[in-house]
Amino acid sequence: MNPKTVKKALKDAIQAMTDYKWLFSARPGKDNTRNRKFPFQKVIPFILAFRGGTLNHEIMDFFGLDPLLAN
């Protein structure tokens, strides 16, 4: 498989999960019911992007922020 095929398959799988996100919730009907700043369809790629770093560094890296800059 080439990278474009893998990327499309992953995006399709994430969209399918988004369509049935209640199946992936501990409390269906309560969890993931509103689209906030970090909607369900962004949670999955975020989790997949974890490389074993600290949560703080992973979040900063995911959003393209520099952890050394003052906020």
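F38 sits in the loop between α1 and α2, where helices (H or I, at least four residues) and strands (E, at least two) are DSSP runs numbered from the N terminus. At a relative accessible area of 30%, F38 is partly exposed; on this scale buried means under 20%, exposed means over 50%, and partly exposed falls in between (1.4 Å probe, protein chains only). Leaving out residues up to four places away in sequence, F38 touches V43, F46, F62 and F63, a contact being heavy atoms within 4.5 Å. The model is a predicted one, with local features needing pLDDT of at least 70 and side-chain atom pairs counting only at pLDDT 80 or more, while totals for chains, interfaces and linings use all residues. Residues are numbered from 1 along each chain as its sequence is written, and side-chain values use heavy atoms, with hydrogens and water left out.

F38 also turns up in a nonpolar surface patch of about 610 Å², together with F50, L55, I59, F62, F63 and L65. Such patches take residues with over 30% relative accessible area and no salt bridge, joining nonpolar side chains (Val, Leu, Ile, Met, Phe, Trp, Tyr) within 5 Å and like charges within 9 Å. Accessible areas come from the Shrake-Rupley method with a 1.4 Å probe, and for residues only the protein chains shown count as cover.

The axes of helix α2 (residues 40–48) and α3 come within 11 Å and cross at roughly 120°. K42, P45 and F46 of α2 make this contact with L55, E58, I59 and F62 of α3. The axes here are lines fitted to C-alpha atoms, for helices over the stretch in contact, with angles running from 0 to 180 degrees between N-to-C directions. α2 passes α3 in a right-handed crossing; a crossing is right-handed if the near helix is turned clockwise from the far one by less than a right angle, and left-handed if anticlockwise.

Over in helix α1 (residues 3–19) there is T18, which counts as buried because its relative accessible area is 15%. Setting aside residues up to four places away in sequence, T18 touches F40 and Q41. Helix α1 also holds both D12 and K8, 4 residues apart, or about one turn of the helix. These two form a salt bridge, with the closest N and O atoms 2.9 Å apart. The rule asks for a side-chain nitrogen of Lys or Arg within 4 Å of a carboxyl oxygen of Asp or Glu, and the count comes to 1 salt bridge. D12 is partly exposed at 41% relative accessibility, whereas K8 is exposed at 52%.

As for the chain as a whole, there are 3 helices and 0 strands, running α-α-α from the N terminus on. Of its 71 residues, 14% count as buried. The protein chain exposes about 6200 Å², and carbon and sulfur atoms supply 61% of that area. Among contacts with a separation of 6 or more, 20% come from residues 24 or more positions apart.
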